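Welcome! Please take a moment to look over the sequence and the model, and then we can walk through some of the details together.

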Amino acid sequence: MVNFHEVIETNRMIQEANLDVRTITMGISLLDCAHSDYKVFHQKVYDKITRLAQNLIATGDEIGNRFGIPIVNKRISITPAAICASACDDPHFPELAKTLDRAAKEVGVNFIGGFSALVQNGMTKKDQMLIESLPEALSTTERVCASVNVGTSRSGINMDAVRLLGEKIKELSERTGDQDSIGCAKLVVFCNAPDDNPFMAGAFHGVGETDAVINVGVSGPGVVKTALQSVRGQNFEVLCETIKKTAFKITRVGQLVAQEASKQLNVPFGIIDLSLAPTPAIGDSIAEIFQEMGLECAGAPGTTAALAMLNDQVKKGGLMASSFVGGLSGAFIPVSEDHGMIEAAEAGLLTLEKLEAMTCVCSVGLDMIAVPGDTPATTISGIIADEMAIGMINSKTTAVRLIPVYGKGVGEKAEFGGLLGYAPIMPVNPASCHDFIMRGGRIPAPVHSYKN
Amino acid sequence: MKGIITVVGQDKVGIIAEVCTFLSKNNINILDISQSITGGYFHMMMIVDMESSNAVFHQVAAELDKVGEKLGVQIRLQSEDIFQAMHRI
């Protein structure tokens, strides 16, 4: 039987250290919705999503109440839209985005991910149409999230898509300029995108997945930080053991919630994503973990080592706690969603270059970073290319979610509100990469991808 | 199904009595009670068996919340599963 201290420990994690289950995401395959008539296609998409996810919110809330743990988000991911739309001559992508938005509102989820294309080797006509539609689709909808996978370690990087996305991000920035270019917060550019990621904005339901699946993202930077307070000043061995034990406990809660949701919704359990995802709340920050480890702030020398260690220990602790681990699984470092990162960036102690270095050892990439609105499209493409190269060469997922804030410059800030927080606008290296980006074509796969 | 009830708040006369009366009315059996008072703060944990109770879990939780409000303490009811999952391999 559980004892008094264990109950108090768990409840302290929830009440004082912000332990929560960050998201229950239902992955839904839309492959069987394909139809040559785009109107029929859109209707089938709407019907399938609203049918399968009709009880998602109620079930999530009920489980949260029963276990006494907040389940912050309930979301949906779908098969990359460009693939589902292959049968239509013109899928009317902006209208499809609106259909997805309506379906999300109908079932009550705050985001639906998968307005996506996988173009690492090349773009089909539909992939290109989807990418071209992104500025309109994301500026006229509220809950739709898009992603484009432009590279893999097996295939290399599609630099045509990288160039095109730089332009589309700029257009999207302008179209949502009255809201500090928030549209760009709903678009992620990936290398090695996972098929089973439950976290937005990059979630989609991979083509190798079953018809519907429940993936759960756990969180808990506050719990890790609180645990580390008890080992202040002790050596790295003790530090790592503490992180591992904490990650194990956090993940076990995620596993329990995932199994329960799977049973109640009668949808198979997919994976647990072991990511530490911060929120703008005090005490729910990755940067605070660095400070507890002994760094003055995120960005100080030692930050990359601290992040590498944190990421690795979270995986080691979490792996045993769940039967299936997947998704992004690692620490997230979104600048605008972490008050400690925001403060370090505002003080000029956390730079874009340091963030890029940090992405070599953590799960995601350049995430929720505001840059000046007049940053050239080719520079955005250059930043994307750099980040994709890190992912390709290191056989890991990397992503870019940059927000060129329309009409604003360094020293100003962008306000996104809610979980997306706010971000100081960070300076970008002014040297041009125009001619490099304009070359076009593909960067071939790295030598170590030829394993067969 | 087993539930864990935790009560936290300023100590006063009748907290246990009030909670136990409520549980008895709802046919919920108490399997174990532990409590401590530190610095005037009352901490109690009960393990209860809800199998024979007619009331639905979330209703019991909501009503316990009201009992807590009346007593000026915080009362939570959670499924035992979350603690088992976290602390037992």
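How many bridges join β3(A) to strand β4 of chain A, and do they run parallel or antiparallel? There are 6 bridges between β3(A) and strand β4 (residues 144-152), and the two run parallel.

## Before we start

This is a predicted model, in which local features need pLDDT of at least 70, side-chain atom pairs count only at pLDDT 80 or more, and totals for chains, interfaces and linings use all residues. Residues are numbered from 1 along each chain as its sequence is written, while chains are lettered from A and ligands numbered from 1 in the order in which they are written.

Helices (H or I, at least four residues) and strands (E, at least two) are DSSP runs, numbered from the N terminus. Two strands pair if DSSP finds at least two bridges between them. On one side of this story, F115(A) stands opposite A146(A) in β4(A). Strand β2 (residues 71-78) of chain A is also joined to β3(A), by 2 bridges, and these strands run parallel. Here I76(A) stands opposite I112(A) in β3(A).

Together with helix α6 (residues 125-139) of chain A, β3(A) and β4(A) make a right-handed β-α-β unit. Right-handed here says that, with the strands pointing away from the viewer, the path from the first strand over the helix to the second runs clockwise.

Is strand β3 of chain A enclosed or open? All 7 of the 7 residues of β3(A) (residues 112-118) are buried, so the strand is largely enclosed by the rest of the structure. A residue is buried if 20 or more other C-beta atoms, placed from the backbone, lie within 10 Å of its own, exposed if 12 or fewer, and partly exposed in between.

## Loops worth a look

N18(A) lies in the loop between α1 and β1 (21-28) of chain A. Its phi is near 60°, a positive value in a residue other than glycine. N18(A) counts as buried because it has 23 C-beta neighbours inside 10 Å.

S395(A), in the loop between α14 (377-394) and β10 (398-405) of chain A, has a positive phi of about 50° although it is not a glycine. With 14 other C-beta atoms within 10 Å, S395(A) is partly exposed.

The peptide bond from M200(A) to A201(A) is cis, with omega near 10°. A201(A) is found in the loop between β6 (187-191) and β7 (212-218) of chain A.

## Where the chains meet

The contact takes 18 residues from chain A and 20 residues from chain B, with two residues in contact if their C-beta atoms, placed from the backbone, lie within 7 Å. On chain A, the elements giving two or more residues to the side that touches chain B are α1 (4-16), α3 (56-67) and α9 (236-265).
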